[in-house]
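Student: Could you take me closely through a single part of this model, with the cut-offs behind each term?

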Amino acid sequence: MSDLTQDEIIIRKGIVHILDAELGYPVFSEELLDLSPDTNDFFRGLIYKIMSGDEMKKCFFDGFEESGEFIDGSGASDTEDMPWDSDGNGTDQQIGETAESVDFLMEAGGAEADELETAESVSYAQTDVYALVKEFSEDNMVEDSKKLAKALYDIMNANVTIPSADFAVVTFQVHSVQYLGLLKMNYKESYVHMTQNEEGRNVNQIIRYRSMLPSATTKLSEAVIIDLSDYSVQVIEKKYEINGSKVNYLSELYLHCHAAMSSKTKLDIVVNAVKQVNNKHYSEEPVKQLEAKRVIKEEMEETGTVSVEKVSEKLYGDVPQIKEEFDKKMEKYHMETAEVTPQSERTTKKFEKQYLKTDTGIEINIPMEQYQDADQVEFITNPDGTISVLIKNINKITTR
């Protein structure tokens, strides 16, 4: 939904339940929300941020893995969970295999696969949330939403690391397609004023308030979006520690589904694999490293998609040994033929400029258009092995 606008999201009905672990019990609402213009804008803003981003992951239930998409059992979604660190150094992550013989990307910030404890080894009274979703009806929204909230609260109540939240169950439509949104609005701490009357006088105080909801411009870190026409599920989630292991509890324990990798994670894997290979083989050739970003941006501009095969061929096709090394890294994630289609400007923005930093402390920021134009920027390798950067045709220089 790269062309989605916020105005195209139509909120139909909504209800909010309070899932505060400190209370020791969920507080269910017995009435649907009064969808005032402000409330409408609030939920439309939250949903737009989710659906227009690249963090959402498809979630597959047992029996639906035949789609051929590589399923990431841990649902890697954050850069911090990449199989190598941000500098491209480190070791490749091992890939585990579940009891169903489906390959999963087993990762936990550098831990080996056999050290991980997956959701299958954590015991809970399991509620079939997918069945609840299929039985969901707007006409019975209060009771149906309570069941969905109760199933989530049971998991939260048993694991203190999972943050408390208000849980909004919202139906909405986009382009005549109806969706069900399960929005976990985690509390954040903030400070508010409080006015008290003491002996006939107003006394204003500043207090810390821990149950503030996110703003409409905030991107939720935990949410489920279900297409009610075919019951396909997408999820955005965070890991929390459960029984000593970080677990994507929303997909694994609540929905009981297997989450594929998000577009953002796939692109991060490609970028970091390129960086790792280049740091190993072209550490003394900065221009070669800069070319990688140009090639990826060029792919996105031409087709809207980053083809791993094309990137591999363009960057390393003339050096078969290095190409094979890159391809093997992609094979470990079943991504050797993957095509990544980011839709959010936030994801692709980092490809708009080339950032350079010299060993002398000079930093240069070059827009990609100028970098690609030889009449604007030129890199010169001097006889003594040093590099000069020539910036041409400057009419005016400003300082700031």
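**A charged surface patch**

Tutor: At 34% relative accessibility, Glu 336 counts as partly exposed, because that class lies between buried, under 20% relative accessible area, and exposed, over 50% (1.4 Å probe, protein chains only). The model is a predicted one, in which local features need pLDDT of at least 70 and side-chain atom pairs count only at pLDDT 80 or more, while totals for chains, interfaces and linings use all residues. Residues are numbered from 1 along each chain as its sequence is written, and side-chain values use heavy atoms, with hydrogens and water left out.

Glu 336 is located in the loop between helix H8 (320–331) and strand E15 (339–340), where helices (H or I, at least four residues) and strands (E, at least two) are DSSP runs numbered from the N terminus. On the surface, Glu 336 gathers with Glu 309, Glu 331 and Glu 339 in a patch of negative charge; patch members have over 30% relative accessible area and no salt bridge, and like charges are joined within 9 Å. A salt bridge here is a side-chain nitrogen of Lys or Arg within 4 Å of a carboxyl oxygen of Asp or Glu, and the place of a Glu charge is taken as CD.

For contrast, Gly 45 lies in helix H1 (residues 37–51) and is buried, with a relative accessible area of 5%. Gly 45 touches Gln 6 and Ala 216, leaving aside residues up to four places away in sequence, contact being heavy atoms within 4.5 Å.

Notes: Patches are made of residues with over 30% relative accessible area and no salt bridge: like charges are joined within 9 Å, nonpolar side chains (Val, Leu, Ile, Met, Phe, Trp, Tyr) within 5 Å. Accessible areas come from the Shrake-Rupley method with a 1.4 Å probe; for residues, only the protein chains shown count as cover. Lys and Arg count as positive and Asp and Glu as negative; His and the chain ends are not counted.
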